[in-house]
Amino acid sequence: MSRNALLWLIWFIATLSASAAVAALVFVGGDRSSLLIGETTGTHAQFEMACESCHAGNALDTDKKQAKALNKTCVTCHQDELKASNDSHPYKKFRDPRMADYWDLIDARTCTACHAEHKPEITRPGAVTLAMDYCVACHSQGEQDVRVNRASHAGLGFETCASSGCHNFHDNRALYEDFLVKHADEPWLHEAPVHELEAALRSPRAPAPAAAPTPTPAMSPAPEGALTVEIVAAYEASAHPGGEVGCASCHAAEAGKEPSAEDVLANWQDQPGTATCESCHKAEAKTFRIGRHGMRRHPKIAKPRDPVRALKAVGIKLDRKGELATLIREYLSDAPYPTVMTVAESPLPMKAEAAHEELTCTSCHGPHRVDLNRARVESCASCHDDGHTRAYFGSPHHKLWQAELAGAAAPGTGVTCATCHLPKEETERGLVTNHNQNDVLRPNEKMIRPVCMDCHGLGFAIDALADPGLVSSNFQGRPETHIESIDWATRRVREKATGANQ
Amino acid sequence: MNWTHVKATAAAAVLAAGMGMPAAADDLSYQEVTDMLHVVMDTDRSVYTKNVVARLAVKDKVIKASEYYEDEQALPLPAQMFRFGAEGVADKTDAFSYSLLSLWPINKQNAPRTDLEKEGLQYIVDNPGENFYGEEELGGEVYFTAVYPDVAVAQVCASCHNDHKDTPRSDFELDDVMGGVVIRIPMD
């Protein structure tokens, strides 16, 4: 064999081997972090190595089929919030063939038309990857020309539609015209502002621990040394004793109902996991898992791939003994996906001393002393270190909370971090706290109806949330921005009498 | 017009069964299919308008009908009921689609968009009692498109449209053609 032929052979074998190794990582299993084509957006980063969570289609399918499968996974996770938002631009609207001429402008039949992933360099607020004047595509022509339909909009730039506090693409529950008119004359602050749902759930701060608490029957049995004075005191101050939740309920959940002392001790866990809390607090757990704090426990995140099963499907047996098979299995095995997020992984400003903390139920609630008042403020501030959080202390909202804690104001009048970011909801199971902190946050106009309007007029709420400086200072002062939505809407309704709209 | 005959769709077969026709019909024209679909749509729409909205919101005045029916704890408007049905059908099948359009829409989204929609809506206004049928290519696919007149079956239809702040026309009367139901079937 000539030298050239040998070199060609080596090149061919090396190329083939490298291609096979990379293809195996993509299609079978193994560490594929080096193949990530770009950082994912927001909380998607928490499971970005579980690629199949989004890329659920068959790799051999056509581009059209893969795009359809990809978008189906978006809806799988986001359909509830889209439904709740009374989506102004539901994708089903654009599937109608009569909308075909729009498909060439923005194909709104797919989520990825506006929210492309792995493109951090062009990702804008709201995970939008289009230029922010995207409304121009459809609302600058024909019957949809907003400059014709609304005289007040004639001179406005399309880049301001969704960035000024006036409109959102999906969620306009607090911004639609009739709602603006209905709430046009509200004062900036209602006469007796109170969060009714909060008030129903708030209770006085937990009593101070007893000096020498006595273990109750519900606590026993427990391993020797487990029942310290501090733990017993904290437990007694919580709601768990009233709910007949004893030590074994959490620490020996596997022992079953009414277990013997032997069963409890045999199944004892010093630090039971989040799943233990979830077994009772189902409604809270459900929303915790779809928020940023608990996203890594989201039920729709794909499981690590099984290389043995994948190769068996194409006739290759990998479940053999031997060093080579073991080596290949290790190379093709996905590392277990993390099930909790640490504070250090947050893209937001966080306190350095909290960096190692993991985000579980007990991060905010403490394992034994379930102090909801701590969870409402101090727990948040123990990690978050941004201007908005720091400015809360001393703000008007904080002062109201302090007054309520001191008994100088009625329950529900204080405003905590949780009041706005983890609002209470009425469900079929009663009042529950929505633990998805993002549910009313992005865009922040989502907060207007379930939170702000409990105390404030609509006009003030719109202005306040559209003023980044005021948000940053945690609403110390008055808005420097005025959004004219309500003015324009009321003017238009009044002009109806003169036929100005026709 | 040379009507291409098609195998009856499942929807048409169901409709046929419901109308007392042989469910095994397998050689219906596109026009026959859309006509049958429209009979069901038009009847349901009329029943909701007369027996629910006109009776409860106008005659008995026990509940309002509102575009923002959730916020207002009211009845959905007849046009919304029709659209919800169309969206529900679109979730289940691509075999056909339908919408309620008008030359005088309160919601601008319901104005005609395609040339055939414009022609069809004008035709049913100019020719009371007649339907319009045609073919059009949209998004690279050819559709059989039928347009049926949508008339004010109750006084409340005319009065609500006449009084709405966004209406481009305020002289509708009972039995006027206010718009049209557009039904499409892909011909491929």
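1. Helices and strands are taken here as DSSP runs, a helix needing at least four residues and a strand at least two, and they are numbered from the N terminus. On that basis, Ala239(A) lies in the loop that separates α9 (229–236) from α10 (247–251) of chain A. The model under discussion is predicted.

2. Chain A as a whole contains 24 helices and 2 strands. The C-alpha trace of chain A spans about 95 × 75 × 40 Å along its principal axes. Of its 502 residues, 25% count as buried. Among contacts in chain A with a separation of 6 or more, 59% are accounted for by residues 24 or more positions apart.

3. The contact between the chains draws on 15 residues of chain A and 20 residues of chain B. On the side of chain B that touches chain A, the elements giving two or more residues are α4 (78–92), β3 (97–101) and β5 (141–151). Of these, α4(B) provides the largest share, with 3 residues. By residue class, this side of chain B consists of 9 charged, 6 nonpolar and 5 polar residues.

4. Chain B holds an open sheet of 4 strands, ordered β3-β6-β5-β4, with antiparallel pairing. β3(B) and β4(B) (132–138) are the edge strands, each pairing on one side only. From one strand to the next the twist averages 25 degrees. As background, the strands of a sheet pair through backbone hydrogen bonds, in either a parallel or an antiparallel manner.

5. The pairings within this sheet can be taken in turn. β3(B) and β6(B) are antiparallel and joined by 5 bridges, and Ser99(B) is placed opposite Val182(B) of β6(B). β5(B) and β6(B) are likewise antiparallel, with 9 bridges; here Ala146(B) has Ile183(B) in β6(B) as its bridge partner. β4(B) and β5(B) run antiparallel with 7 bridges. In β5(B), Val147(B) is the bridge partner of Phe132(B), and Phe144(B) is that of Glu135(B).

6. How many residues lie between β4(B) and β5(B) in their hairpin? There are 2 residues between the strands, and Gly139(B) in the turn has a positive phi of about 55 degrees.

7. β5(B) is mostly covered, with 9 of its 11 residues buried.

8. α2(B) lies across β3, β4, β5 and β6 of chain B and runs at about 135 degrees to β6(B). α5 (115–126) of chain B touches β3, β4, β5 and β6 of that chain, and its direction makes about 135 degrees with that of β6(B).

9. α2(B) also packs against α4(B), at an angle of about 140 degrees and with the axes 10 Å apart. That angle makes the two helices, α2(B) and α4(B), oblique to one another. Their crossing is right-handed. The residues that meet are Arg45(B), Tyr48(B), Thr49(B) and Val53(B) in α2(B), and Pro78(B), Met81(B) and Phe82(B) in α4(B). By class, the residues of this contact are 5 nonpolar, 1 polar and 1 charged.

10. The remaining point concerns helix α6 (155–163) of chain B. Which residues of α6(B) are buried? They are Val156(B), Cys157(B), Ala158(B), Cys160(B) and His161(B). The buried residues of α6(B) pack against α2 (30–59) and β6 (177–186) of chain B.

Definitions and conventions:
Residues numbered from 1 in each chain as written. Chains lettered and ligands numbered in written order. Predicted model: local features only at pLDDT ≥ 70, side-chain atom pairs only at ≥ 80, totals over all residues. Contact = placed C-beta atoms within 7 Å. Nonpolar A, V, L, I, M, F, W, Y, C, P; charged D, E, K, R; others polar. Buried ≥ 20, exposed ≤ 12 C-beta atoms within 10 Å, placed from the backbone. Pairing = 2+ DSSP bridges. Axes fitted to C-alpha atoms, helices over the stretch in contact; angles between N-to-C directions. Parallel < 35°, antiparallel > 145°, perpendicular 65-115°, else oblique. Left-handed = near helix turned anticlockwise from the far one by under 90°.
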